[in-house]
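Colleague: I would like to go through a model feature by feature. Please give the general idea each time, then the case at hand.

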Amino acid sequence: MDKIYSMLKAVIDNSVDEFIMGAGRRIDIQLSEQTVMVRDYGRGIPHENMIECLFGRLGGLHKIKIFSDEFAVRSIRNGEYREVRYIPGKRNRDETGHADELDGTLVTFTPCGDYSFQCEHVENLVWRYACVNSGLELYLNGKRFGAENGLRDLVRSVTSDECCYEPISFKSTAMEFAFCHARNAPGSYASFINGQHVSGEGAYRAIFEAGVMNAINKYFDCKYKVADIHPGLTGALALKFPQRTFSSNIEIELENHRLRIQIIENLEKEVREYLDTHPAAAELLLAKVAENVKLHRNRK
């Protein structure tokens, strides 16, 4: 089951990369009982080296070809198209011609075996893409997903009406974050690198919580611990690494002490500046942390 979501995510990731590069603000996703179609309106894959772009070291779509009963990619550039189609046991097709279509890329694949997508899971996936890529519109079977306020919208959607204060947020070209405390919820966290949601969030969460904790302690001149701010904390952190293709190597680099400290210090700085300009939110934040400490002591 997880494989089909990984395949879908790999295709959407490529389309999101086009948006990040400033090409195309819409992605159409169509899921049927057997076939998946993802259409973006970016630059289209260069026709002359299309195969290398798809399946080379940076392509990332070779596994979809392996685990699909049928896999096709159509690239439209400047009124011309190239389409490659793969069906196991049959001769591959490679066609070119004139196209009266908008530039971009259409990927179609039919995963092997019996499968079914869980609508709620896919909608959550698409919603996260929308929130971390403000200005991008995604349409899933015709349903629009867009987030004008970025990660603030994601945090609001998770906490619903349970926020103790308006989400604290910041956005720059290199970093975006948003968080608040939920009244009656354990809290949650999400990490994004270069516009893509990442799994294995332990390292990122530790960085995020350290930055928030440092900001609270220095702003209020306190000595709270991460365990004091953690209950109810709902947040998201997005980092962007310019001129870099996302890979697990970034997780390794986050173990680099200097890089971790830099991110934590930037988080702390921006949270403190937000609290300086939003004193009402600052007091509500402090009250929630103090409540957490009190509840923790009462349980002992």
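Colleague: Which residue forms a salt bridge with glutamate 209, and how far apart are the closest N and O atoms?

Modeller: Bear in mind that this is a predicted model. A salt bridge is read from the distance between a side-chain nitrogen of Lys or Arg and a carboxyl oxygen of Asp or Glu, with a cut-off of 4 Å. Here the partner of glutamate 209 is arginine 205, and the closest N and O atoms are 3.1 Å apart.

Colleague: Where do glutamate 209 and arginine 205 sit in the chain?

Modeller: Both belong to helix α6 (residues 202-220); because they are 4 residues apart there, about one helical turn separates them. Glutamate 209 is buried, at 9% relative accessible area, while arginine 205 is partly exposed, at 24%.

Colleague: What is the salt-bridge partner of arginine 272?

Modeller: Arginine 272 pairs with glutamate 268, with 3.4 Å between the closest N and O atoms. These two are 4 residues apart in helix α9 (residues 257-277), so about one helical turn lies between them. Arginine 272 is partly exposed at 31% relative accessible area, and glutamate 268 counts as buried at 9%.

Colleague: Which residues do salt bridges with shared partners join into one network?

Modeller: The network consists of Arg39, Glu70, Arg74, Glu83, Arg85 and Glu101. One of the pairs is glutamate 101 with arginine 74, whose closest N and O atoms are 2.7 Å apart. That pair links distant parts of the chain: glutamate 101 lies in the loop between β5 (93-98) and β6 (104-111), and arginine 74 lies in strand β3 (residues 68-77), 27 residues apart. As for accessibility, glutamate 101 is partly exposed at 34%, whereas arginine 74 is buried at 16%. In total, the structure holds 22 salt bridges.

Colleague: Next, the nonpolar cores. How many residues does the largest one have, and which of them have the most contacts inside it?

Modeller: In soluble globular proteins, nonpolar side chains tend to be buried together. In this model the largest nonpolar core has 49 residues, and Phe177, Phe179 and Phe208 have the most contacts inside it. The elements that give two or more residues to this core are α4 (119-132), α5 (151-159), β10 (175-181), β11 (188-193), α6, β13 (233-239), α9 and α10 (279-299). The most comes from α6, with 9 residues.

Colleague: What does phenylalanine 208 touch, leaving out residues up to four places away in sequence?

Modeller: Its contacts are Phe177, Ala178, Phe179, Tyr189, Leu233, Gly235, Ala236, Leu237 and Leu267.

Colleague: Finally, the chain as a whole. How many helices and strands are there?

Modeller: The chain has 10 helices and 13 strands. Its C-alpha trace spans about 70 × 35 × 30 Å along the principal axes, and 49% of the 300 residues count as buried. Of contacts between residues at least 6 apart in sequence, 65% join residues at least 24 apart.

Notes
Residues numbered from 1 in each chain as written. Predicted model: local features only at pLDDT ≥ 70, side-chain atom pairs only at ≥ 80, totals over all residues. Heavy atoms only, no water. Buried < 20%, exposed > 50% of the residue type's maximum accessible area, 1.4 Å probe, protein only. Core = buried A, V, L, I, M, F, W, Y, C linked by side-chain atoms within 4.5 Å. Contact = heavy atoms within 4.5 Å.
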